[in-house]
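Here is a short tour of a protein model, written to be read alongside the coordinates.

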Amino acid sequence: MDTEQLTQKILDGDRRALARAITLVESGREDHRAKAQELLSELAKHKRQSLRIGLSGTPGVGKSTFIESFGMMLTGLGLRVAVLAVDPSSARSGGSILGDKTRMERLSRERNAFIRPSPSQSHLGGVARRSREAVALCEASGFDVVLIETVGVGQSETVVAEMSDLFLLLLAPAGGDELQGVKRGIMEMADLILVNKADGPLKPVATRTCADYAGALRLLRKRPQDPEGYPKALMVSAVEQHGLEQAWEEMQALTAWRRDNGHWEHRRADQSCYWFDQEVRQALLARLHTASAQSAMAELSGQVAKGALTPAAAAQQMLQDHLKG
Ligand code: GDP
């Protein structure tokens, strides 16, 4: 299929074409890369936008259960929902926390839902780029909502927040001590904190946890992109499907406010610049990963170790010799 046909099929919402295009952007082959870029540039002209919702939480907090319930609720409202995963574990170990096909069984059977596991790549930068491009493909394919899931470890939250319009943090009910465990930086990224498992015997703990986080959020610096009262902490039960409508209402209210006040556009523009910067960095690093650059690196390292060259002089030499064209 040529790029023009693939473009048209994606715009028509053809799921197989979408899956194929995602495989294309995940490929490391030079010719695939070129075709992927052509496709993405073509699709970008149509300026279709979804609501992109990032979701993070530690393993076991209930992400897949939440996505299944929340996704089913959205499709029940007549919305088309895509689910993508950014899985830093697959980058490290070749294994995957998020890729399991048996997750989200009901949602995966929905006609208006599309679920794609995380690509396995050798580094988070690679996963990030593929995922961002997969999000763009889903947007072009006419999904109303794109959910981007990640595990709460390391840098992956930043990466997901940079490709999301809204960032949700899913937490489990826990004692006060664990509040400290959520890094301040992650709290600052969150637009909504959802305390999951607010059901059965866990409900009183969830209520307390939610109040604790609401308090912690109030102490954060006010962000210009938020109306009064945000970010918020809410309770949900993914299993009993409680609180999901309210969470969705909050997401819509926040989105509407940001759209009306110019923050939506602004955030998207900032994100584009962030990804431009990342692409430049990645491309520069790739130049230093060729066989000849690697052997020069080893040679210069030897000289630095012996004290024959200073680290700065060796670095300058390396860049002079290997960053051209
Ligand atoms: P993930 O690793 O974050 O994707 O978490 P899962 O969705 O696989 O859920 C981990 C465990 O928590 C499973 O045993 C779920 O049944 C349970 N769980 C998820 N959501 C809820 C909830 O709302 N209430 C209760 N009680 N358990 C839940």
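## Surface and charge

Of its 325 residues, 47% count as buried, meaning under 20% relative accessible area with a 1.4 Å probe, protein chains only.

Charged side chains number 41 positive and 40 negative, with the centres of the two sets 2 Å apart. Lys and Arg are the positive ones and Asp and Glu the negative, with His and the chain ends not counted; each charge is placed at NZ of Lys, CZ of Arg, CG of Asp or CD of Glu.

## About the model

This is a predicted model, in which local features need pLDDT of at least 70 and side-chain atom pairs count only at pLDDT 80 or more, while totals for chains, interfaces and linings use all residues. Residues are numbered from 1 along each chain as its sequence is written, and side-chain values use heavy atoms, leaving out hydrogens and water.

## Overall fold

The protein chain holds 14 helices and 7 strands (DSSP runs: H or I of at least four residues, E of at least two). Its radius of gyration is 22 Å, close to the 20 Å from the globule rule for 325 residues, so the chain is as compact as a globular protein of that length. That radius is taken over C-alpha atoms, and the rule is 2.2 Å times the number of residues to the power 0.38.

## Cysteines

The whole structure has 0 disulfides, a disulfide being a pair of cysteine sulfur atoms within 2.5 Å. C138 is buried at 0% relative accessible area, and C210 is also buried, at 9%.

Note on methods: Buried < 20%, exposed > 50% of the residue type's maximum accessible area, 1.4 Å probe, protein only.
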